[in-house]
Amino acid sequence: MAGVTGAAYIRRYASERPGEAAVPAGPVVPVPGTVPPAGVAPSSPARVRASWQRSERYGVTPEEVVPVYVDGVPTDSLFYECGAEVVRGLHGTLAGEPVGFMLTDPQGLVLARWCDDETINRSLDRVHLAPGFYFGEQTAGTNGLALALADRVPTLVHGPEHYVAPLRRYTCAAVPVLDPRTGGLVGSINLTTWSDASSDLLLALAQAAAGNTAALMQVRAGGQLLRAAPRGEVFHVLTGRLVDGVADDPCVSPAWQAAVRTVRDAVTGGRLVAVVGEPGAGRTTAASLARRATGLRERVLVARPPEPAEVGEWLTLWTPELHAPDTCVVVAEADTLPVWAAEQLAAEVAAVPAAVGAPGPLVLTGSSYTALPAPLAALVEAVAEVPALRDRSADVEPLARAFARQLRHRDVEFTPRALRALAAHGWPGNVRQLRAVVRAAAARTDLVDVAHLPPEVLSDGSRTLGRLEQLERDEIVRCLSRPGTTVVHAAAELGLSRATLYRKIAQYRISV
């Protein structure tokens, strides 16, 4: 059965005769009452044992999967478009095999399922591993797709490692898929088969499908990576400097100043604060400025998570600093941490003696409060939002001048039209993108003009451009940004009529 929908599942499942049983591949041992964490085999990976403990805390019954259903799954995302195309192709090469191929969203909602084997299809329906049903840890306990989403790493869960007894007839291999533009978790690809017919090849297939999905998403998003791979940095913020190395705080907008004050007031009051906002907006900088403004804790460390597989060593590197006097650690992008790492960090923070009237040893940053892992979100006592750069255009010019001065160690001038172009741009990459643009321009000249700015800054299209469209836009911008060039000259050089050139300027929303 290819592409089963939630509605179709409901109709078919409701029409089954009472007492009709699915055909299992192996025995299912009922587990009476609450299963203690020791119920999982000692030889199971530590991640699986930790997941069993979380499942118990969530109150998941080990005897059955309690269905949580929503009507109408979202299928209009780039992830679904690309993932469905990749998984359908993989399913076609394994037609007739007893394997269920599934796409899920970041919360474990099953978006689609492909499988031609009727026996396993009916069996998966009975445990509600079907489109429209949630299959995260809080719903279905320890299973492959839930653990892959929680820890953000490829995961293989064998039959007896499942928390809920009816799932022990299966083996699940799941791999999280990250947005190549932002690095955010967009969903997972899950392969499920009978527990006595599985091998590590199942995980390899899921990894290949997830990699191909991310690559296809990158191509259809214009081929640009806006976010570098995480490197697991831990660095010391020097007194009197910003995180980015710029002396003093150049930002003047009321929105920015209000965000810094909110963080400072929370820190001064001894509350653990989460600084949220878009990536690159200056969340870590705001946290560092606020911490230093209190004058109470002078040493500020910033810890940026690495790839999920390296988080263990990364935590070992800096968590002892939480116990050091006059030290604060800003954990940047805390919303990307695996659940097990968030639990370990929360336990470490709880072990730090609380001093009355003194700020705590930790500040978190992330995209939003709801995106933080539950163990860390439970510790947060205040939330401060840093607005995106497009919502505080007054900061663009002082930041641009500061970044140029940082690179050249002296002032660099900007023409009025270059400043207008910088202020008018939407900056999807926020301050991080502005810094890269200004540094590239200031490295080439002492007077930055529009000719020194990249084409994407001089256009503000609302849609992602293909490769050929990008080339066309860049050529138009190159011609128009040359000093003294008119539309007539540019049209002649490009071999276009003036009407066509005006139409393309409007199409790409070019402003020179």
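## A right-handed crossing

A crossing of two helices is called right-handed if the near helix is turned clockwise from the far one by less than a right angle. In this predicted model, helix α13 passes helix α14 in such a right-handed crossing. Helix α13 covers residues 396-408 and helix α14 covers residues 416-424, and the two pack at an angle of about 115°, with their axes 9 Å apart.

On the side of α13, the residues that make this contact are Val-396, Glu-397, Ala-400 and Arg-401, while α14 contributes Leu-419, Leu-422 and Ala-423. Sorted by class, the residues of the contact of α13 with α14 comprise five nonpolar and two charged ones, with no polar residue among them.

## The helix pair α10 and α11

How do the axes of helix α10 and helix α11 lie, and at what angle do they cross? The axes of α10 (residues 311-318) and α11 (residues 339-350) come within 11 Å and cross at roughly 15°. Because angles under 35 degrees count as roughly parallel, α10 is described as roughly parallel to α11. The crossing in which α10 passes α11 is right-handed.

In this pair, Val-311, Gly-312, Leu-315 and Trp-318 of α10 meet Trp-340, Ala-341, Gln-344 and Leu-345 of α11. The residues of the contact of α10 with α11 divide into six nonpolar and two polar, and none of them is charged.

## The six-stranded sheet

Six strands form an open sheet, in which the order is β6-β8-β9-β10-β7-β11 and the pairing is mixed. The strands at the edges are β6 (234-237) and β11 (382-385), each of which pairs on one side only. If direction is ignored, neighbouring strands of this sheet are turned by 25° against each other on average.

Within this sheet, strand β8 (residues 299-303) and strand β9 (residues 327-331) pair in the parallel sense over five bridges, and the bridge partner of Ala-303 in β9 is Val-331. Helix α8 (residues 254-268) packs on the sheet, where it touches β7 (273-276), β10 (362-366) and β11, and the direction of α8 makes about 165° with that of β11.

## The five-stranded sheet

Another open sheet has five strands in the order β2-β1-β5-β4-β3, and here the pairing is antiparallel. Why is one side of β2 and of β3 left without a neighbour in the sheet? The strands β2 (110-114) and β3 (155-157) stand at the edges and have a single partner strand each, so one side of each is left without a neighbour in the sheet. On average, and with direction ignored, neighbouring strands of this sheet are turned by 20° against each other.

Strand β1 (residues 99-104) and strand β5 (residues 185-194) run antiparallel and are joined by six bridges, with Gly-100 standing opposite Thr-192 in β5. Helix α6 packs on this sheet, touching β1, β3, β4 (170-178) and β5, and the direction of α6 makes about 30° with that of β4.

A search of the whole structure finds 18 salt bridges. In one formed by Asp-151 with Arg-47, the closest N and O atoms are 2.7 Å apart. Asp-151 lies in helix α6 (residues 144-151) and Arg-47 in helix α2 (residues 46-58), so the pair ties together parts that are 104 residues apart in sequence.

The helices α2 and α6 pack at an angle of about 100°, and their axes are 11 Å apart. They are therefore roughly perpendicular to each other. From α2 the contact takes in Arg-47, Val-48, Ser-51 and Arg-54, and from α6 it takes in Leu-147, Ala-150 and Asp-151. By class, the contact of α2 with α6 has three nonpolar residues, one polar residue and three charged residues.

## The surroundings of Arg-498

Which residues is Arg-498 in contact with, once its neighbours within four places in sequence are left aside? Arg-498 is placed in helix α18 (residues 498-508), and, with those neighbours left aside, Arg-498 is in contact with Val-487, Val-488 and Ala-491. From C-alpha to C-alpha, Arg-498 and Val-488 are 6.4 Å apart in space, although the two are ten residues apart in sequence.

Definitions and conventions. Residues numbered from 1 in each chain as written. Predicted model: local features only at pLDDT ≥ 70, side-chain atom pairs only at ≥ 80, totals over all residues. Heavy atoms only, no water. Axes fitted to C-alpha atoms, helices over the stretch in contact; angles between N-to-C directions. Helix = DSSP H or I, 4+ residues; strand = E, 2+ residues; numbered from the N terminus. Parallel < 35°, antiparallel > 145°, perpendicular 65-115°, else oblique. Contact = heavy atoms within 4.5 Å. Nonpolar A, V, L, I, M, F, W, Y, C, P; charged D, E, K, R; others polar. Pairing = 2+ DSSP bridges. Salt bridge = Lys/Arg side-chain N within 4 Å of Asp/Glu carboxyl O.
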